[in-house]
Amino acid sequence: MLLTLSFLLGLAVLIYLSCQYFVNAIEWCGRHLNLGASAVGTVLAAFGTALPESAVTLTAMAFGGTPQHQDIGVGAALGGPLVLATLAYAVVGFALWRHRGRLGRANYLLRVDHRRLAGDQLAFLLIFAFKVGLGLLAFSIKPWLGVVFLAAYAAYVWREIRSADTAPEEEELDALKLRAGGGLGWAAAQALLALVVIAAAAHGFVAQLETLAGHWGMAPHLVALLLSPVATELPEIMNALIWLRQGKERLALANISGAMMIQATIPSAFGLFFTPWLFDSVLLWSGLATMAAITGLWLLFRRGNVDGRWLVGAGAVYLLFAGCLV
């Protein structure tokens with residue numbers, strides 16, 4: 001078990017270092033493509049880091065040879081949003097609390113577009129509630145509703161690109177690490193190389209967690225619901241930490257919002273296409289926990305002037321759910 005824990009720590013460090021290269025490259029990709037910084041976080045960064053885990057979910061659902069494999073895929077589709085809505089926001093709040101002095105802040109208030117974030121939470125909540133509702137029903141045309149989720153994500157991307165903007169602090173970019181002064185090709189190459197390392201490290205992280213869960217005697221669907229999403233969402237969390245350390249919490253939270261929208265739509269579409277998409281009590285409670293966390297975030301952001309320390313409370317929802325489940 002000590003060796004497994006050592007591998008986990010090493011892989012987490014590798015993911016963090018790779019995310020530094022990815023964040024640096026994706027910002028330059030956005031600059032070369034004339035995208036606003038907010039779209040860089042919600043679309044480019046979120047899609048890039050969500051791509052490997054979506055591929056894993058698709059493989060489990062579409063090519064899994066047994067119902068157990070499909071259950072793992074559905075569990076991952078529910079576990080990802082739960083981790084993002086709870087632990088990811090909690091990490092951002094904790095990091096802002098710890099780095100306030102380093103950032104030269106007089107208070108802990110988030111410098112973000114509160115109205116936009118509140119709108120993102122409400123949109124996610126409505127889509128996610130529809131997703132959970134479908135898990136309680138069985139009818140013949142349900143697989144076709146996967147197209148609705150794909151259309152919802154396409155509409156989200158279109159809106160984000162159209163309304164994207166850039167704050168003054170987001171104008172300053174560090175030199176491209178692979179080649180200072182390189183163009184879009186170099187930036188894209190660096191982003192792709194970083195993604196390959198992130199995907200491989202995240203896959204190894206999941207494998208080590210499964211080994212650890214085996215020592216603890218945890219069931220496979222619990223691993224898929226509770227532990228594996230922590231690993232697959234680790235790149236989004238690392239990206240948020242890196243941007244927060246640079247004083248760019250708007251990008252950090254935009255990355256989490258974009259990843260949440262992907263997790264609410266793309267894996268759901270795969271689940272409807274390739275599985276019966278029927279929830280047991282565990283999956284239902286995970287969905288309700290996620291909706292409770294999102295409702296709290298929506299109420300928080302719609303008030304404006306959010307103290308970043310309040311976000312730490314979102315992590316309590318995950319810990320309470322995990323504790324009750326285990």
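**A guided tour: cysteines and helices**

A search of the whole structure finds 0 disulfides, a disulfide being a pair of cysteine sulfur atoms within 2.5 Å. This is a predicted model, in which local features need pLDDT of at least 70 and side-chain atom pairs count only at pLDDT 80 or more, while totals for chains, interfaces and linings use all residues. Residues are numbered from 1 along each chain as its sequence is written, and side-chain values use heavy atoms, with hydrogens and water left out.

Select Cys29 and Cys19. The sulfur of Cys29 is 15 Å from the closest cysteine sulfur, in Cys19, which is too far for a bond. Cys29 is buried, with a relative accessible area of 7%, and Cys324 is exposed, at 63% (buried means under 20% relative accessible area and exposed over 50%, with a 1.4 Å probe and protein chains only).

Next, select residues 114-134, helix α4, and residues 146-163, helix α5 (helices are DSSP runs of H or I, at least four residues, numbered from the N terminus). How are they packed? Their angle is about 175 degrees and their axes are 12 Å apart (axes are lines fitted to C-alpha atoms over the stretch in contact, and angles run from 0 to 180 degrees between N-to-C directions). The two helices are therefore roughly antiparallel, the term for angles over 145 degrees. Residues in contact (heavy atoms within 4.5 Å) include Phe130 of α4 and Tyr156 of α5.

Finally, select residues 234-245, helix α8. Of its 12 residues, 10 are buried, among them Trp243. Just after α8, Gly247 takes a positive phi of about 75 degrees.

Notes. Parallel < 35°, antiparallel > 145°, perpendicular 65-115°, else oblique. Expected span 1.5 Å × (residues − 1).
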